[in-house]
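Trainee: I would like to go through this model and ask what stands behind each label. Please set the values against the criteria as we go.

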Amino acid sequence: MPTTETRQRPKRTRTKNTSHRPALALSTLPVQELDLHPSNEHLVCPDCRTWCPITGLHTPKLVPHDGRHHAQRCIGSNRRVIADVSLESWEARLGDGARDAGTRRTARQFYKPMPAPAEPIHRINRSRPSAESTLAAYRVHRKQCEACTGPGGCVSGTGLAIDYARLQRQERAGRLQARQTPKRRAVEWAAVTPAVQAAAIRRVRDELAATLRQVSSKLDRFERARLDSRITELAETLWWVL
């Protein structure tokens with residue numbers, strides 16, 4: 001007669017197969033990769049890095065499981081396990097690790113300040129001393145310095161005098177260069193102007209000759225009007241170049 005009791009499936013995977021790989025000792029694994037709670041022993045498989053149950057009473061070993069990509073059986077399946085770590089020692093080590101992690105603090109972040117923006121060019125030019133300002137500073141210094149009232153002078157007064165002479169020479173050279181630059185450009189342009197005009201004249205004449213050769217072909221009135229307009233434009237261009 002049928003019975004009302006249903007057969008319970010065993011909680012552990014039972015298999016007689018054993019891997020020929022060396023046995024895996026629990027003491028060689030990190031404490032956070034073990035779970036030794038009774039009836040729920042698990043560990044992280046060193047081969048596929050997934051949590052895998054431990055089965056077997058007399059010969060503990062890893063249950064058959066798939067690899068990381070679930071394409072084939074993991075080579076760590078049925079690997080023997082050496083239970084050389086007790087539940088009490090594992091819980092103690094786990095508690096010590098949790099307390100140590102709780103006391104840790106993240107390293108303080110030191111942010112490097114952003115560099116100041118560069119000073120505009122017009123301000124840089126204004127901040128540079130001129131010969132006139134250096135001369136005014138030298139005169140003020142001679143009135144206030146006792147060593148500079150006579151024929152001699154102090155180190156500061158001599159430095160101001162040298163700076164004034166140097167800035168005066170630089171400003172004089174800059175003004176001379178500014179006056180000579182337009183003249184030099186005019187001379188350079190005058191040297192290349194004949195060649196530029198000759199090239200422009202040849203280009204206009206060649207295009208005008210090619211356009212005139214099209215007159216012999218049969219053109220309608222619209223094409224004839226466009227051709228006449230183009231000839232007029234080329235003639236005016238040649239006149240302006242000459």
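Mentor: Start with Arg 166, which has 34% relative accessibility and counts as partly exposed. Keep in mind throughout that this is a predicted model.

Trainee: Why is Arg 166 called partly exposed?

Mentor: Buried means under 20% and exposed means over 50%, with partly exposed in between. Arg 166 is at 34%, so the label is partly exposed. Asp 163, with a relative accessible area of 30%, is partly exposed too.

Trainee: What makes Asp 163 and Arg 166 a salt bridge?

Mentor: The closest N and O atoms of the pair are 3.6 Å apart. The cut-off is within 4 Å, so the pair qualifies. Both residues belong to helix H4 (residues 155–213), where being three residues apart separates them by about one helical turn.

Trainee: How many salt bridges does the structure hold?

Mentor: There are four salt bridges. One of them joins the side chains of Asp 47 and Arg 21, at 2.7 Å from N to O. Asp 47 sits in the loop between strand S3 (42–44) and strand S4 (51–55), and Arg 21 in the segment before strand S1 (24–25), so the pair ties together parts that are 26 residues apart in sequence.

Trainee: How do you know that Asp 47 and Arg 21 are neither buried nor exposed?

Mentor: Asp 47 has a relative accessible area of 27%, and Arg 21 has 26%. Both values lie between the cut-offs of 20% and 50%, so both residues are partly exposed.

Trainee: What does Glu 33 form with Arg 49?

Mentor: Glu 33 and Arg 49 form a salt bridge, with their closest N and O atoms 2.5 Å apart. The pair links distant parts of the chain, 16 residues apart: Glu 33 is in the loop between S1 and strand S2 (34–35), and Arg 49 is in the loop between S3 and S4.

Trainee: Is Glu 33 buried or exposed, and why?

Mentor: Glu 33 has 13% relative accessibility, which is under 20%, so it counts as buried. Arg 49, with a relative accessible area of 42%, is partly exposed.

Trainee: What is the phi value of Arg 49?

Mentor: Arg 49 has a positive phi of about 60 degrees although it is not a glycine. Ser 39 also has a positive phi, near 65 degrees, and is a residue other than glycine. Ser 39 is placed in the loop between S2 and S3.

Trainee: Why is Ser 39 called exposed?

Mentor: Its relative accessible area is 67%, which is over 50%, so Ser 39 is exposed.

Trainee: In what order do the strands form the open sheet?

Mentor: The order is S2-S3-S4-S5, and the pairing is antiparallel. S2 and strand S5 (61–62) stand at the edges with a single partner strand each, so one side of each has no neighbour in the sheet.

Trainee: What makes S4 and S5 a pair?

Mentor: Two strands pair when there are at least two bridges between them. S4 and S5 have two bridges, in the antiparallel sense, so they meet the criterion. Thr 55 stands opposite Lys 61 in S5.

Trainee: How do you know that the span of helix H3 agrees with its number of residues?

Mentor: At 1.5 Å a residue, the 14 residues of H3 (residues 131–144) should span 20 Å, and the end C-alpha atoms are 20 Å apart, so the two values agree.

Trainee: Why do you say that the buried residues of H3 line one face of the helix?

Mentor: The buried residues in H3 are Ala 131, Thr 134 and His 141. Seen down the helix axis, they fall within an arc of 85 degrees, so they line one face. On the other side of H3, Glu 132, Arg 139, Lys 143 and Gln 144 are exposed.

Trainee: Where does Gln 170 lie?

Mentor: Gln 170 lies in helix H4, and at 41% relative accessibility it counts as partly exposed. Its C-alpha atom is separated by 9.7 Å from that of Ser 130, a residue 40 positions away along the chain.

Trainee: How many helices and strands does the protein chain have?

Mentor: The chain has five helices and six strands. From the N terminus on, the elements run β-β-β-β-β-β-α-α-α-α-α. Of the 242 residues in the chain, 20% are buried.

Definitions and conventions:
Residues numbered from 1 in each chain as written. Predicted model: local features only at pLDDT ≥ 70, side-chain atom pairs only at ≥ 80, totals over all residues. Heavy atoms only, no water. Helix = DSSP H or I, 4+ residues; strand = E, 2+ residues; numbered from the N terminus. Buried < 20%, exposed > 50% of the residue type's maximum accessible area, 1.4 Å probe, protein only. Expected span 1.5 Å × (residues − 1). Arc of directions from axis to C-beta.
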